[in-house]
Amino acid sequence: MQVPYENYRKVFRTSQKNIEKELGAVQNTAKDLASKERPEDDVEATTKAIDGMIARVEGLKRKVRLDIPNAQALSRRSVMRLRRDP
């Protein structure tokens, strides 16, 4: 049986992995955009890249918001099991 601490660590690791993955992709896109010599030449592609970055960050925000209630539910279940099973 997992104790609440282990559940929190599991949720934290999952959240951290999601954050690193999504923000890494956003940073790479930003680096690519910054390295262009004349970004005004391809306004449509630049706009599309920025929209993609915004979508990734919004998706990350949604995932992280879902992780918090999951952690609380896991913790609640673990505490109830500990109270029930002496």
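How far apart should the ends of helix H2, with its 42 residues, be at 1.5 Å a residue? To find out, select residues 43-84 in this predicted model.

Next, select Asn-18, which lies in helix H1, residues 4-35. Asn-18 has a relative accessible area of 18%; because the cut-off for buried is under 20%, Asn-18 counts as buried. Apart from neighbours within four places in sequence, Asn-18 is in contact with Leu-60, Lys-63 and Asp-67.

Now move to the charged side chains. The structure holds 2 salt bridges. For one of them, select Glu-22 and Arg-56, whose side chains meet at 2.9 Å, N to O. Glu-22 is in H1 and Arg-56 is in H2, so this pair ties together parts 34 residues apart in sequence. Glu-22 is buried, at 9% relative accessibility, whereas Arg-56 is partly exposed, at 35%.

Lys-63 forms a salt bridge with Glu-22, and their closest N and O atoms are 3.7 Å apart. Lys-63 lies in H2 and Glu-22 in H1, so the pair ties together parts 41 residues apart in sequence. Lys-63 is partly exposed, with 27% relative accessibility. Show Glu-22, Arg-56 and Lys-63 together: salt bridges that share partners join them into one network.

Note on methods. Residues are numbered from 1 along each chain as its sequence is written. This is a predicted model: local features need pLDDT of at least 70, side-chain atom pairs count only at pLDDT 80 or more; totals for chains, interfaces and linings use all residues. Side-chain values use heavy atoms; hydrogens and water are left out. Helices (H or I, at least four residues) and strands (E, at least two) are DSSP runs, numbered from the N terminus. The expected span of a helix is 1.5 Å times one less than its number of residues. Buried means under 20% relative accessible area, exposed over 50%, partly exposed in between (1.4 Å probe, protein chains only). Contact means heavy atoms within 4.5 Å. A salt bridge is a side-chain nitrogen of Lys or Arg within 4 Å of a carboxyl oxygen of Asp or Glu.
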